[in-house]
Amino acid sequence: MIIDSIETATRTEIRSLQQKRLKKTTERVYQHVPFYRKKFNENGFNPERNLGLNDMVDLPFTTKADLRKGYPFGLLAVPKTELVRLHASSGTSGKPTVVGYTKHDIEMWSEIVARSIATAGGEPGEILHNAYGYGLFTGGLGLHYGSERLGMVTVPISGGNTQRQIMLIEDFQPTVICGTPSYVLNIAETMEEMGKKPAATSLRYGILGAEPWSEEMRRKIEEKLAIKACDIYGLSEVIGPGVAIECHEEQNGLHIAEDHFYAEVIDPETLEPLADGDDGELVFTSLTKEAFPVIRYRTGDVASLNKEKCRCGRTTARMSRIKGRIDDMLNVNGVNVFPSEIEHSMLKMKELAPHYQIHMLQKRSFKVLELHVEITEECFKAIDFDLAHDKIRQLERKLKAALKSSCLIAMDTVIREPKSIPRSEGKALRVIDRRNEQGNFAL
Ligand code: DLL
């Protein structure tokens, strides 16, 4: 097991390092980024003063809208000529947010991803199959550089072309697979369709993230592939993957790379910091980035923090699994629920497969949510053809009741046949807004 000394430092040592680095960062952004100089001046914040971590609350927040306003290079803290790489966030509409990296930033990023892979079980000399997309998305190249830094043999397969991926897994015998949970599940199921046994591959660990997923989904993937799957978190605005990762020993909260990022959880309405254990919006301040430092960046992701020492020996703060993005929270008749909570509850029914979509429809003046989920292949085959209709309706009622009791929501349910819901090769699309589709108005 490879543990960096910072990961087992005392909380006082970690805080003292963060404090020193925070002061440097605030001074740098004040000097080099007009956007931050203006914000600091408006807030009456003087970066020269002896800044303590408790003074973080005096610092202004940065939002995605701020980054968009600065598109593409407005928030850089170094001249463009010092950049060696650009990435962009995977936003679905409008201009993306662009992130620049200096050589030093890429080295730091590779270092934390190497540490992350080791935390999740990877070891030098082993083969890592990297099925995250390569390109402007940070997943592919982020894991790639970290894997090489750790001394692993890196297979830059990227997403898609699933049958070919399977052939290479058989031939190269990797021990670690990286990809979104939905895509890794897709790979495992395609193996089954090809008559192969996913549990019999050489794979031992999975480093899965970039999209919300539930504990139930983890269990399904781990069982199918006979691997240990650790959750990895990150976002382009902060660096990319590697901001936090679960340890393979405990799989209980994601260890934050606290020597490079300062984490807070705030109430998204009042913007007040929340106590450890309370769910709220994650906020990150970068402590060592050169090109694109961010101060109190509001991620829009919901999680909680825990600073208790982990049984794996690490002392770095852990964040809970991401429940979802604030923007993705669904409101069903006044009850707020994240798609991942629906997933968790739905997958407890053994008749259902982990393939689903939530359709948002307009019925007269009401917004209505419909959960479409596939029945498992085994269950589908076992149903007598004459009784299929009744059996499916019965399952739909059972699912509806389960959602009502565990998530407190009343939602329409549609059970669909196997393989009728599109498979993902990257981030899965879970919620589909069909409110403007013709025919959905007068139902
Ligand atoms: O998704 C970086 C990444 C790549 C993380 C590979 C992990 C593995 P973006 O495309 O900028 O960057 O998207 C960031 O994805 O704000 C979250 O909403 C979501 N996200 C990332 N990791 C997780 C996770 C990459 N483990 C956005 N669980 C973030 C849930 C996640 N959501």
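Colleague: What should I know about the model before we start?

Modeller: The model is predicted, so to speak of local features a pLDDT of at least 70 is needed, side-chain atom pairs count only at pLDDT 80 or more, and totals for chains, interfaces and linings use all residues. Residues are numbered from 1 along each chain as its sequence is written, and side-chain values use heavy atoms, with hydrogens and water left out.

Colleague: Why is Q251 called buried?

Modeller: Buried means under 20% relative accessible area, exposed over 50%, and partly exposed in between, with a 1.4 Å probe and protein chains only. Q251 has a relative accessible area of 19%, so Q251 counts as buried.

Colleague: Why does R296 count as buried?

Modeller: The relative accessibility of R296 is 1%, and therefore R296 is buried as well. R296 is not a glycine, yet its phi is positive, at about 45 degrees.

Colleague: What makes strand β2 largely enclosed by the rest of the structure?

Modeller: A strand here is a DSSP run of E with at least two residues, numbered from the N terminus. In β2 (residues 98-102), five of the five residues are buried, so the strand is largely enclosed by the rest of the structure. V98, G100 and T102 are buried on one side, and V99 and Y101 on the other.

Colleague: How do you know that β1 and β2 pair?

Modeller: Two strands pair if DSSP finds at least two bridges between them. β1 and β2 have five bridges, in the antiparallel sense, and the bridge partner of R85 in β2 is Y101.

Technical notes:
Helix = DSSP H or I, 4+ residues; strand = E, 2+ residues; numbered from the N terminus.
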